[in-house]
Amino acid sequence: MQKNKLLLLTEILKQESDADHPITTNDLIEKLSRYSITCDRRTLSRDILQLQEMSYPIKSVIIGHSKAYYIEHNSFSLAELKILIDAIQASSVIPEEMTKALTEKIANLGGPHRSESLQCNITRFNIRKQTNTSIFDSIAVIEESFKKQTQISFYYFKHDEHGNRVYQHNKERYIVDPIALIYEDNNYYLRCFNQARNDKRNYRVDRMEDVQPLDSYVGKEALVKEKELVDYTSKAIKMYGGEETDVVLEFSQSLIDVVFDQFGLDTKIDRLDNGRYTATVKVQISNTFWGWFFQFPDEMQIISPETVSAQCQKWAMKALNHKTEGGVNMEATERCWETGEYTDDCICEFCNHKDECSGYEDDDD
């Protein structure tokens with residue numbers, strides 16, 4: 001054990017000391033004696049000096065009339081570790097068991113005393129954790145494929161009403177060229193190129209099963225530049241693709257930060273004379289775009305292009321119900337929009353189409 005003194009001394013300082021909890025010389029000698037290692041004050045001082053010369057971050061302070069030592073845990077601040085732990089706790093893509101293990105590992109980076117504090121003061125998030133524990137293995141295979149620029153294969157599944165896996169593509173393996181891993185809306189997505197279909201697609205990594213590396217190389221379509229990925233993620237909402245369009249939005253002052261959050265701080269916003277604001281943004285028109293847009297029915301409108309504005313009206317109709325419900329005939333309203341011919345069943349007054357409808361009168365419900 002005497003031969004292992006330097007190693008043991010380092011471990012004691014690493015596991016039991018920090019800047020707020022230095023260990024005095026006498027205490028270190030006593031701790032070493034528990035392992036049948038004899039040491040006096042002068043020898044211990046030489047051992048510490050030797051470790052410092054070997055670049056171990058051991059610091060010394062004076063406590064009363066005694067010298068004390070500690071390991072400087074300066075890789076991360078307490079706030080930095082707290083943010084990392086909260087990010088793991090809040091991530092639904094990391095299963096519960098792995099969340100606990102990662103939390104402990106990160107907390108230990110702060111030293112023994114801060115580790116206990118960090119693990120006791122956990123922020124609780126209303127998050128439903130994924131149950132697919134193979135996601136780390138899948139990411140490891142995907143990362144290796146990036147390095148080698150080779151294809152991967154996998155099974156892809158969704159769920160039925162009982163939560164059972166339903167395999168897509170008749171449970172045949174998907175073979176794709178990986179492009180990038182993208183973390184969006186609390187999920188990991190694999191952006192990839194499918195040579196058989198000659199298109200780019202996104203797959204949720206937690207729904208990929210038995211991801212395997214292949215020896216075949218990816219095509220040139222998968223070798224995209226970082227700027228292309230940045231442009232793509234700024235246009236796609238929740239990773240659903242669609243037709244790329246420049247859309248002019250008009251919105252209230254309360255939605256300025258919402259627009260910045262969605263499209264970036266470099267978005268140009270202009271103030272109108274009526275106190276509202278406009279911004280031209282590039283988006284991919286998809287179901288998720290409409291889901292985002294219809295969160296603000298009274299505060300945001302689509303000004304142009306007319307084709308997107310018309311789609312907006314039709315989506316509103318679908319949300320109300322395409323067929324007659326509660327005396328509202330949506331088919332009659334759609335005919336009115338398309339032909340300009342008003343009927344008694346039209347609800348143009350509800351959808352702000354009344355100014356364009358030839359048959360609408362202010363006193364006519």
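**Chat: helix packing and the sheet**

Q: Where does threonine 10 lie?
A: Threonine 10 lies in helix 1. Keep in mind that this is a predicted model.

Q: Is threonine 10 buried or exposed?
A: Buried. Its relative accessibility is 5%, and buried means under 20%.

Q: What is threonine 10 in contact with, leaving aside neighbours within four places in sequence?
A: Leu51 and Tyr56.

Q: Helix 1 and helix 3, then. At what angle do they pack?
A: About 80 degrees. Helix 1 covers residues 5–16 and helix 3 covers residues 41–53. Their axes are 11 Å apart.

Q: What does that make helix 1 relative to helix 3?
A: Roughly perpendicular. Angles of 65 to 115 degrees count as that.

Q: Which residues meet there?
A: From helix 1, Lys5, Leu6, Leu9, Thr10 and Leu13. From helix 3, Thr43, Leu44, Asp47, Ile48, Gln50 and Leu51.

Q: How many of them are nonpolar, polar or charged?
A: The contact has 6 nonpolar, 3 polar and 2 charged residues.

Q: How many bridges pair strand 2 and strand 3?
A: 6 bridges, in the antiparallel sense. Strand 3 covers residues 66–71.

Q: And what stands opposite isoleucine 63?
A: Serine 66, in strand 3.

Key:
Residues numbered from 1 in each chain as written. Predicted model: local features only at pLDDT ≥ 70, side-chain atom pairs only at ≥ 80, totals over all residues. Heavy atoms only, no water. Axes fitted to C-alpha atoms, helices over the stretch in contact; angles between N-to-C directions. Helix = DSSP H or I, 4+ residues; strand = E, 2+ residues; numbered from the N terminus. Parallel < 35°, antiparallel > 145°, perpendicular 65-115°, else oblique. Contact = heavy atoms within 4.5 Å. Nonpolar A, V, L, I, M, F, W, Y, C, P; charged D, E, K, R; others polar. Buried < 20%, exposed > 50% of the residue type's maximum accessible area, 1.4 Å probe, protein only. Pairing = 2+ DSSP bridges.
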